[in-house]
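Look over the sequence and the structure, then read on.

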Amino acid sequence: MPLSQATYIWMDGSSPTQKLRCKSRILKLDTELPSPEDFPDWGFDGSSTYQASGDNSDLILKPVSVVIDPLTDFGYLVLCEVLNPNGTPHKTNTRALLAKSMKSYGSSHEPWMGFEQEYTLFDGLRPLGWPDQGYPAPQGPFYCGVGADEVFGRELVEEHTAACIDAGIMIFGTNAEVMPGQWEFQIGYRDIDGEDCGPLNVSDHLWLARWLLYRIAEDHGISVTLDPKPFKGDWNGAGKHTNLSTKEMRDPKRGIKAIDAAIKRLSKRHMEHIMVYGA
């Protein structure tokens with residue numbers, strides 16, 4: 001087997017919003033379709049990622065999700081959980097909380113998940129496409145717009161979409177949003193047989209899609225922010241809608257009753273774990 005480049009990706013300890021970190025290693029794999037178990041655990045300096053002190057900084061990266069790296073001809077993107085040296089989940093490892101919740105009582109409901117991730121592209125200190133001085137026209141023509149005077153960054157967005165498709169990430173669609181330089185992509189349920197639409201897998205794909213967006217934006221000299229209000233003004237904010245259904249909710253005869261009942265009894269703790277890891 002030829003050598004492959006594995007890019008290990010993990011969530012750091014930044015607060016209030018965790019950011020992504022990555023580093024790469026060269027491996028000789030025994031299969032062309034590797035699973036997370038085919039990649040060895042690795043270590044990193046947690047004192048440089050807000051996850052440990054300098055006198056005790058070694059932490060472990062445990063591979064949990066793998067897709068093809070669409071930016072190379074010989075690599076994989078390896079999403080990892082962060083573990084303490086004794087193998088327990090690190091306090092910043094919100095994925096472990098969701099995995100535990102799903103194992104305990106979530107999977108029996110067969111949940112399907114979908115995320116709508118809004119974000120803003122920045123060229124220097126201003127959103128992409130904004131004039132050097134002052135503000136663009138009020139929101140209205142930009143949402144799902146077309147034309148060089150209404151949409152900015154489409155080339156980057158289309159590159160990102162193609163990369164997600166090539167990687168095997170569950171991207172559903174994209175659209176320009178209400179503020180110039182603001183966009184959205186959707187990750188999750190697509191009505192494709194065999195796809196795992198559960199909260200854990202869809203959240204993994206969301207983080208991998210975010211990493212690809214940041215990485216591709218590098219090549220354009222553009223930065224990406226998930227800040228809900230990155231610029232003052234009378235503009236709708238950038239957020240992330242979360243869509244969830246269970247087997248009972250999808251029943252055409254009793255779905256609405258199941259939805260009403262779920263609102264009353266759905267485990268608040270379980271929903272918190274979905275929202276935290278998919279934040």
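A residue counts as buried under 20% relative accessible area, as exposed over 50%, and as partly exposed in between. By that rule Arg254 is partly exposed, because its relative accessible area is 45%. Keep in mind that this is a predicted model. A search of the whole structure finds eight salt bridges, two cavities of 30 Å³ or more and zero disulfides.

**Salt bridges**

- Arg254 pairs with Asp251 in a salt bridge, and their closest N and O atoms are 3.3 Å apart.
- Asp251 is partly exposed too, with a relative accessible area of 24%.
- Arg190 and Glu195 also form a salt bridge, at 2.3 Å from N to O.
- Arg190 has a relative accessibility of 24% and counts as partly exposed.
- Glu195 is partly exposed as well, at 24% relative accessibility.
- Arg95 and Glu81 make another salt bridge, with 2.7 Å between the closest N and O atoms.
- Arg95 sits in helix H1 and Glu81 in strand S5, so this pair ties together parts that are 14 residues apart in sequence.
- Are Arg95 and Glu81 buried or exposed? Both residues are buried.
- A network of salt bridges links Glu81, Arg95 and Asp204.

**The largest pocket**

- The largest pocket has a volume of about 630 Å³.
- It is lined by 28 residues, and those closest to its centre are Thr17, Tyr214, Val224, Thr225 and Leu226.
- Which element gives the most to the lining of the largest pocket? Helix H3 does, with seven residues.
- Sorted by class, the pocket lining has 14 nonpolar, eight charged and six polar residues.

**The cavities**

- Rolling a probe the size of a water molecule over the atoms shows where empty space is left.
- The largest cavity has a volume of about 80 Å³.
- Its lining includes Trp10, Met11, Gln51 and Tyr277.
- Glu81 and Arg95 are also among the residues that line the largest cavity, and these two form the buried salt bridge described above.
- Strand S1 (3-11), strand S5 (75-83) and helix H1 (94-106) each supply at least two residues of this lining.
- Strand S5 gives the most, with four residues.
- By class, the lining of the largest cavity has six nonpolar, four polar and two charged residues.
- The second largest cavity holds about 40 Å³ of space.
- Among the residues that line the second largest cavity are Phe142, Phe152, Pro180 and Trp183.
- The lining of the second largest cavity divides into seven nonpolar, two polar and two charged residues.

**Cysteines**

- How many disulfides are there? The count comes to zero.
- Cys144 is in no disulfide, and the nearest cysteine sulfur, that of Cys164, is 18 Å away.
- Cys144 is partly exposed, with a relative accessible area of 46%.
- Cys164 is buried, with a relative accessible area of 0%.

Note on methods: Residues are numbered from 1 along each chain as its sequence is written. This is a predicted model: local features need pLDDT of at least 70, side-chain atom pairs count only at pLDDT 80 or more; totals for chains, interfaces and linings use all residues. Side-chain values use heavy atoms; hydrogens and water are left out. On a 1 Å grid over the protein atoms alone, a cavity is a set of points where a 1.4 Å probe fits but cannot get out, and a pocket is an open set with protein on both sides within 12 Å along at least five of seven lines; lining residues have an atom within 4 Å of a point. Grid points are joined across faces, edges and corners, and a volume is the space filled by probe spheres set on the points. Ala, Val, Leu, Ile, Met, Phe, Trp, Tyr, Cys and Pro count as nonpolar, Asp, Glu, Lys and Arg as charged, and the others, Gly among them, as polar. A disulfide is a pair of cysteine sulfur atoms within 2.5 Å. Buried means under 20% relative accessible area, exposed over 50%, partly exposed in between (1.4 Å probe, protein chains only). A salt bridge is a side-chain nitrogen of Lys or Arg within 4 Å of a carboxyl oxygen of Asp or Glu.
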